[in-house]
Amino acid sequence: MTRQEFLTTLQEMLQCDMELHEDTVLTDLEEWDSLAFMVVIAFFDKNFGQRITFDTLKGCRTPSDLIALSAGAIA
């Protein structure tokens, strides 16, 4: 998966009207809430076989931080 594909997928998962960029501040998004955390956790588990936690996601400031969590699965 490319970075752009991930950003597009993240935007769709969050049902966000705004185009996301790697430096978008997630906490500025109304859609970045506990439900979004659950969706992202499920996405990482299903697509990358990685288990991430709410606490890990709370520490993510931008989509770039989420990409870093992929351990190289997102190029």
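Select arginine 51 first: its relative accessible area is 73%, so this residue is exposed (buried means under 20% relative accessible area, exposed over 50%, partly exposed in between, with a 1.4 Å probe and protein chains only). A salt bridge here is a side-chain nitrogen of Lys or Arg within 4 Å of a carboxyl oxygen of Asp or Glu. Aspartate 45 has 34% relative accessibility and therefore counts as partly exposed.

This is a predicted model, in which local features need pLDDT of at least 70 and side-chain atom pairs count only at pLDDT 80 or more, while totals for chains, interfaces and linings use all residues. Residues are numbered from 1 along each chain as its sequence is written, and side-chain values use heavy atoms, with hydrogens and water left out.

How many salt bridges does the structure hold? There are two. For another pair, select glutamate 22 and arginine 3, whose closest N and O atoms are 2.8 Å apart in a salt bridge. This pair links distant parts of the chain, 19 residues apart: arginine 3 is in helix H1, and glutamate 22 is in the loop between H1 and helix H2 (34-48). Helices are DSSP runs of H or I with at least four residues, strands are runs of E with at least two, and both are numbered from the N terminus. Arginine 3 has a relative accessible area of 33%, so arginine 3 is partly exposed. Glutamate 22, at 28% relative accessibility, also counts as partly exposed.

Move to glutamine 4, which is placed in helix H1 (residues 3-14). Its relative accessibility of 47% makes glutamine 4 partly exposed.

Next, select Leu35, Met38 and Phe54, which make a nonpolar surface patch of about 310 Å². Patches are made of residues with over 30% relative accessible area and no salt bridge; like charges are joined within 9 Å, and nonpolar side chains (Val, Leu, Ile, Met, Phe, Trp, Tyr) within 5 Å. Phenylalanine 54 lies in helix H3 (residues 54-58) and, at 32% relative accessibility, counts as partly exposed.

The structure holds zero disulfides, a disulfide being a pair of cysteine sulfur atoms within 2.5 Å. Cysteine 16 is buried, with a relative accessible area of 7%, and cysteine 60 counts as buried at 6%.

Finally, select the whole chain. Its secondary structure comes to four helices and zero strands. The C-alpha trace spans about 25 × 25 × 20 Å along its principal axes. A compact globule of 75 residues would have a radius of gyration near 11 Å, and the chain agrees, with 11 Å (taken over C-alpha atoms; the globule rule is 2.2 Å times the number of residues to the power 0.38). Of the 75 residues, 39% count as buried. Among contacts (heavy atoms within 4.5 Å) between residues at least 6 apart in sequence, 48% join residues at least 24 apart.

Key:
Accessible areas come from the Shrake-Rupley method with a 1.4 Å probe; for residues, only the protein chains shown count as cover.
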